[in-house]
Amino acid sequence: MAAVGIPPLEAMAMSVLVYAGAAMLAAVQLIAEGSPALIVVLAAFIVNLRLFMYSASIRAYFAGVSLGRRLVVSYALVDNPYALFIQRYGTRPDEPGKFDYFFGLAIPVWLCWQATVAAGLLIGNQLPADWKLDFAAPLAFIALTIPLLRDRPMVAAAVSAGTTAVLAHGLPLRLGLALGAVVGITVGFLWGKHLGTKSA
Amino acid sequence: MTLWLIILGMSVATFGQRASFLLLPERVRLPAWLPRALHYVPAAVLTALWAPELLLQKGVLSLALGNERLLAGIFAIAIAWRYRAIFGTIVAGLAALHVFDWMF
């Protein structure tokens, strides 16, 4: 971030307030290109369209939970806690302890993320690139995805989403990701409806 | 100054997205088909995040043996399928990436 003229204080403020990696990467790139503020904000919004889906998907689990707690969940709703939460409660939505479980996931994820950003600002590009640590992110997502693939509609949703995202990767603002998600959800939904399988 | 405006705008945008459905009043009922569709959100979104990282090399589709990220990813999928362990999958996948990189 320093490389494109974002001072450490602003970078850290962005990390804490925005708390969305993909949006920040997109923003940094656009700021470096000298894009207007409105375009940067719009790009961050589009890159994170999946957060709408997370919010809608997780809403039912937090019915009856206080407003304050729902605000906390809203702030902390990022990929990993969301996926881990669904893994635990997806098939057992009526079990208690949902907020505590989510909160327990959210804290370490938040701390790790902020610590990593701070370390990145301090150390910069001194970590050797040939350790290939960037590959840890997709590996974590693979580890979170595979246990979800319990039936054919779910597998169809994942395969069609991945294929679409790959074929549409050339679209700007990572719209390929949003398109892949929409195609995957549609395929899974229609397939599941066709089979008449019940959704958990 | 512009930078702080950008940070503020991005904060409002991302928080708004996350809070959108969570903060809807209880009495607002979502249509019945929506939960069934949302059931597929995690698998679809997560796969759309990682599939391009495996299948694209510098933005070009690559199914060759030389694509060590695809090979390591397939290995990681097998490990995740068999053991369902998150940290184990990451370590095994990173190790496989280095082995395949060295082999091909």
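In what order do the elements of chain A run from the N terminus on? In this predicted model, the elements of chain A follow the order α-α-α-α-α-α-α-α-α-α. Along the principal axes, the C-alpha atoms of chain A fill a box of roughly 55 × 40 × 35 Å. Of the 200 residues in chain A, 40% are buried. Among contacts in chain A with a separation of 6 or more, 60% are between residues 24 or more positions apart.

Helix 4 of chain A, which spans residues 50–59, is mostly covered, with eight of its ten residues buried. The buried residues in helix 4 of chain A are Arg50(A), Leu51(A), Met53(A), Tyr54(A), Ser55(A), Ser57(A), Ile58(A) and Arg59(A). Within chain A, these buried residues pack against helix 6 (79–89) and helix 10 (175–195). They also pack against three helices of chain B, namely helix 1 (2–22), helix 2 (33–38) and helix 3 (41–55).

The two chains meet through 68 residues of chain A, which are in contact with 59 residues of chain B. Helix 4 of chain A gives the largest share of the side of chain A that touches chain B, with ten residues. By class, that side of chain A has 51 nonpolar, twelve polar and five charged residues.

Within chain B, helix 4 (residues 68–83) and helix 5 (residues 86–103) pack with their axes 8 Å apart, at an angle of about 150 degrees. Because angles over 145 degrees count as roughly antiparallel, helix 4 of chain B is roughly antiparallel to helix 5 of chain B. The crossing of helix 4 of chain B with helix 5 of chain B is right-handed. On the side of helix 4 of chain B, the contact is made by Glu68(B), Arg69(B), Leu71(B), Ala72(B), Gly73(B), Phe75(B), Ala76(B), Ile79(B), Ala80(B) and Tyr83(B). Helix 5 of chain B contributes Gly88(B), Thr89(B), Ala92(B), Gly93(B), Ala96(B), Leu97(B), Phe100(B) and Asp101(B). The residues of this contact between helix 4 and helix 5 of chain B comprise eleven nonpolar, four polar and three charged.

Definitions and conventions
Residues are numbered from 1 along each chain as its sequence is written. Chains are lettered from A and ligands numbered from 1 in the order in which they are written. This is a predicted model: local features need pLDDT of at least 70, side-chain atom pairs count only at pLDDT 80 or more; totals for chains, interfaces and linings use all residues. Axes are lines fitted to C-alpha atoms, for helices over the stretch in contact, and angles run from 0 to 180 degrees between N-to-C directions. Helices (H or I, at least four residues) and strands (E, at least two) are DSSP runs, numbered from the N terminus. Angles under 35 degrees count as roughly parallel, over 145 as roughly antiparallel, 65 to 115 as roughly perpendicular and the rest as oblique. A crossing is left-handed if the near helix is turned anticlockwise from the far one by less than a right angle, and right-handed if clockwise. Two residues are in contact if their C-beta atoms, placed from the backbone, lie within 7 Å. Ala, Val, Leu, Ile, Met, Phe, Trp, Tyr, Cys and Pro count as nonpolar, Asp, Glu, Lys and Arg as charged, and the others, Gly among them, as polar. A residue is buried if 20 or more other C-beta atoms lie within 10 Å of its own, exposed if 12 or fewer, and partly exposed in between; C-beta atoms are placed from the backbone.
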